[in-house]
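Here is a short report on a protein model.

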Amino acid sequence: MTTAVIVLNGGSSSGKSGIARCLQAVLPDPWLALGTDTLVDAMPAAMRASDTGIEFAPDGEVIVGPEFRTLEAAWIEGIAAMARAGARVIVDEVFLGGPASQRRWHDALHDLPVLWIGVHCDATVAAGRELARGDRPPGMAASQATAVHRGVTYDLEIDTTHTESIECARVIAARVVG
């Protein structure tokens with residue numbers, strides 16, 4: 001069965017977005033790339049600093065509330081519906097809740113062929129990327145580097161610490177078209 005959804009899970013600044021862009025370039029068919037940042041950016045600004053929405057603490061901790069979870073559930077179901085309608089989708093995600101986060105996606109994508117990818121990056125390297133980006137609270141990358149992978153099951157795991165996004169994308173693409 002042909003892969004319909006590629007889920008890239010990794011901590012902040014691990015390289016998921018770069019891999020998603022490279023996958024779009026190397027895969028033979030068109031793929032949509034949608035990430036958790038897309039969801040957060042689509043929310044009203046007031047929800048990005050609310051205990052019912054999503055909060056980014058000064059130390060990099062991410063705190064999600066019930067309104068965020070409601071919108072997130074709708075967003076996940078929407079992505080699943082797009083895939084069922086024939087769109088190929090690359091999901092750039094951060095499983096803050098580990099296996100519970102994966103379960104939410106698994107439940108929505110249960111009838112679709114999904115390739116689950118773990119995107120690992122050394123915490124120090126991710127923190128350096130975070131600093132260079134300048135758009136994340138310091139500490140987010142280091143705190144998420146290993147935490148988002150605990151208890152999560154993958155079809156393929158890659159490490160971006162010393163490997164460029166295009167090389168990672170080629171490894172994933174080989175699994176998709178192989």
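## Largest pocket

The largest pocket has 34 lining residues. Thr36, Asp37, Val94, Arg136 and Met140 lie nearest its centre. A pocket here is an open set of points on a 1 Å grid over the protein atoms alone, where a 1.4 Å probe fits, with protein on both sides within 12 Å along at least five of seven lines; lining residues have an atom within 4 Å of a point. The space in the largest pocket is about 540 Å³, counted as the space filled by probe spheres set on the points.

The lining of the largest pocket splits into 13 nonpolar, 10 polar and 11 charged residues. Elements that each supply at least two lining residues include α1 (16–26), α3 (66–84) and β5. Helices (H or I, at least four residues) and strands (E, at least two) are DSSP runs, numbered from the N terminus.

## Model basis

The model is predicted: local features need pLDDT of at least 70, side-chain atom pairs count only at pLDDT 80 or more, and totals for chains, interfaces and linings use all residues. Residues are numbered from 1 along each chain, and side-chain values use heavy atoms, without hydrogens and water.

Asp92 sits in strand β5 (residues 89–93). Its relative accessible area is 11%, so Asp92 is buried (under 20%, 1.4 Å probe, protein chains only). Asp92 touches Lys16, Ser17 and Thr36, among others (heavy atoms within 4.5 Å).

Trp116 belongs to strand β6 (residues 114–120). Trp116 is also buried, at 10%. The C-alpha atoms of Trp116 and Asp155 are 5.2 Å apart, across 39 residues of chain.

Notes:
Buried < 20%, exposed > 50% of the residue type's maximum accessible area, 1.4 Å probe, protein only. Nonpolar A, V, L, I, M, F, W, Y, C, P; charged D, E, K, R; others polar. Lists of a residue's contacts leave out its neighbours within four places in sequence.
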